[in-house]
Amino acid sequence: MSLERSERGFFPQEQRPLHDTVAQGVKWSVQRLGPLFARYGVVMAFLVAWQVLTETGLVNPAVIPPLDRIAVALWEGIVGGKLLGDIAISLQRAGIAFATAVAVAIPLGIVMGQVRPVERALDPILQVFRQTSALALYPVFILLLGLGEASKVFVIFWATLFPLLLNTIGGVKEVDPKLIEMARVYGAGSATVFRRVVLPGAVPTIFVGLRLSATTALLLLIAAEMIGANKGIGFQVMNAQYNFEIPTMFAAIVILAALGLISNYALVLLQRRLCRWSSVAA
Amino acid sequence: MSNRLRARGLSVLVAGVMAVGVSVSAFAADREPVTLRYLASQGSISPHELADALGYFKPYGISLENVGYAGGGPASLFALASGNVDIGSAATSAVINSIASGNPFLAAYPTQGINDKVQSVFYVLDDSPIHSIKDIAGKTIAVNTLGAHLDYTVREALHSVNLPQDAAKLVVVPGPQLEQTLRSHQVDIAAVGYWQATFDGKLRADGGVRAVFDDTDVLGEIAGGFAVLRRDFIVAHPDAARHFVEESARASDWSNAHPEEARKVFADILQQRGEKPELASYWTGFGLRPGAETKPHDLDFWVDVLEREGKLPKGKYKAADLLFDPATASKSN
C-alpha cells in the first residue's frame, strides 16, 4: 500500500489531474505540431535567427533589415497599394510573354515531334537561338524594338520559348512506343493515336517545360525591368535600393518569390487535374 | 687617452643615431601609408583624383586606388557600406538617404557644385514639343542613375510647377550613351549631369539639340554632391582624413585658378583610364566655392526636401551631424 503511494510520487490525489492535463497537452502538441515542425522547423528557425541577428545588430540592419520592418513595407506595398501597380504591370509583361510562348511552343513542338522532316529542318537554327542567352541579346532587342514594353515582353518571350519547345518535342517523341503499338493493334488510326495516346502521354513532360518556363519568365522579368523601365516589381527592387529604402527592396523580393511560388503551385494543380492518371510531385 | 676619446665618440655616435631614429619613427608614425580605394565615374573626375594626379597627397603617404567604375553615386555608396571602397561620392540627397537608413557615413567635402558656369542641363532634340518644365510630364528622361542628383532635380522641378513627383519617367542610361538614346528617339529628354560636362560639350558640338531647363533654375547655387567616408575609417585614420579633405580643396582651388592646365591633367587621367582624352576640352570645372567650402544650405536644403517627401523624420538631421569636421577629428586623436 505505502509502496504504491510512494511510487506515485509526492503529489497528493487532488493534484493528479493537473499532471495528467500537462502530459496530455504535451502528447497532443507532439502529435499535431510535430509534423509541422518537421516540415517547417528549419524555415521557422531561419526566420527567428534573422529577426534576432538584425535586431541585436550582429548583422548590419542597414543592409539587412529586421523582419518586422520588411513586414511593414510589405503591408504598405500590398494592402496600402504602393506596389500594386507595379505587381500588375509585371504580371502583365510576364503573362503576355508566357502566353505567347505557350501559344507558339506547344503547337510547334508537337508538329516537330511528330513530323520528322520539319524537326530536321528547324532543329539546327533553334539550337543556335537557344544557346544564345536572352540577356545577351537584350541590347539587340532594345535597338530593334525601342526601350518600351515591346523589347521587355520580347526578351521574356525569347527566354521562355526554348525550354518549353524542347520539352514539348521531347514529350511527344518519348511517348511509350508500346502504348502506340497497342493502340495500333486495336485498330486506331493515326489521328486517334495522336489524340488519345501521344498527346496525353506528352502532357507530363510539357508541364515540366511549363513550370521551367514560368520560373525563367519571372527571372527574365527582373532582368528586363532593370533596364529602361520605370514601373514594375523588378524595377522596384533596383529603385528601392538606389533610394536606400532597403525594407521596400526586400518586400519587392519577397513578392517576386511569392509570385514564383504561386505560379508553380497553380501549374501543379492544373497538371493534377489534367493528368489524374499520373501522380504529380509538387 | 685614445680609449676615452673613442668611448666618447662612440657614445656621441650612438646618441646621434638614437636621436635620428626617434625622429624618423615619429615622422613615419605621422605618415603611415594609407590607400584609399574609390570608384571612378565615366567622363568625369573628382577633386581628390586631381589632387592625386598633382601629387598633393604624396607627402602625407596617402595614395588613391581606382578599383572600377560606378554608374552613379548610390552605387559607390553601396560599395562604401560593404567595405569595398574607402571613398564614396554621391549627390547630397543620396548621401543623406544613405545616412538616414543607418549607414555609418560622414560627408567629407563637396566634390562638385552647381553655379552659373557648372550645371546639369536637360536637352531635347530641336523638333521636340517640349519647351518648359510643365511639358516634361509623361515624358521619358534619360539619367545616369536613380535616387541621385538628376532624379531629385526632376522631382523638384515637377514640384515647382505643382505636378506629382513621379509624373516623368526616368530611365537609366550610362553617360556615354546619353547622346545616342536622345538622337535615336528612344528617350524624349537627355539629362546631362553637371559632372558630365564632357558629354554635354560633345552633345552641343554635334548640334541639333536645345536645352529645356537646368538644375540651377530649380535648385539655385548649391553643392551638388559630396565625397563620403565611413566613420570607422575616420576614427582609424584621422590625419589621413583631414589631409584628404584639405588637399582635395587645394586641388579644386588650383583648377579654378588654372583651368587650361587642369584640362590637360584631366585629359591625361582620361587617357590612363582608357576613355576619350579629347572630351577633357569641354570641362567647365568643379563649380566649388573657394576652399571647397560647405554652407549649411547645401545639406539643409535636401534635408527639407526629404522631410517633405516623408523619408526623414522632421528635425532629426542637421547639417552638422552629417558633415565631417577635420578640426574635431584630429583633436580627438
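Helices and strands here are DSSP runs, H or I over at least four residues for helices and E over at least two for strands, numbered from the N terminus.

A word on the model: it is predicted, local features need pLDDT of at least 70, side-chain atom pairs count only at pLDDT 80 or more, and totals for chains, interfaces and linings use all residues. Residues are numbered from 1 along each chain as its sequence is written, with chains lettered from A and ligands numbered from 1 in the order in which they are written.

Back to α3(B). How many of its residues are buried? The count is 9 of the 9, so α3(B) is largely enclosed by the rest of the structure. Buried means 20 or more other C-beta atoms within 10 Å of a residue's own, with C-beta atoms placed from the backbone; 12 or fewer is exposed, and in between is partly exposed. The cover includes α10 (233–242) of chain A, along with β1, β3, α4, β4 and β10 of chain B.

That brings us to the chain contact, to which chain B gives 14 residues and chain A gives 12. Contact means C-beta atoms, placed from the backbone, within 7 Å. On the chain B side, α3, α4 and β7 each give two or more residues, and β7(B) has the largest share, with 3.

Now to chain A, and Gly171(A), which sits in helix α7, residues 149–173. Gly171(A) is buried, with 24 other C-beta atoms within 10 Å. Leaving out residues up to four places away in sequence, Gly171(A) touches Ala202(A), Thr205(A) and Ile206(A).

Next, a helix pair in chain A. The axes of α9 (190–225) and α11 (246–274) come within 10 Å and cross at roughly 165 degrees. Those axes are lines fitted to C-alpha atoms over the stretch in contact, and angles run from 0 to 180 degrees between N-to-C directions. That makes α9(A) roughly antiparallel to α11(A), a label for angles over 145 degrees; under 35 is roughly parallel, 65 to 115 roughly perpendicular and the rest oblique. Among the residues that meet are Val203(A), Phe207(A) and Leu210(A) from α9(A), and Leu256(A), Leu259(A) and Gly260(A) from α11(A).

Finally, the domains: chain A is divided into domain 1 (12–56) and domain 2 (74–274), with bounds from an automatic or database domain assignment. Taken over C-alpha atoms, their centres are 42 Å apart.

Notes: Two residues are in contact if their C-beta atoms, placed from the backbone, lie within 7 Å.
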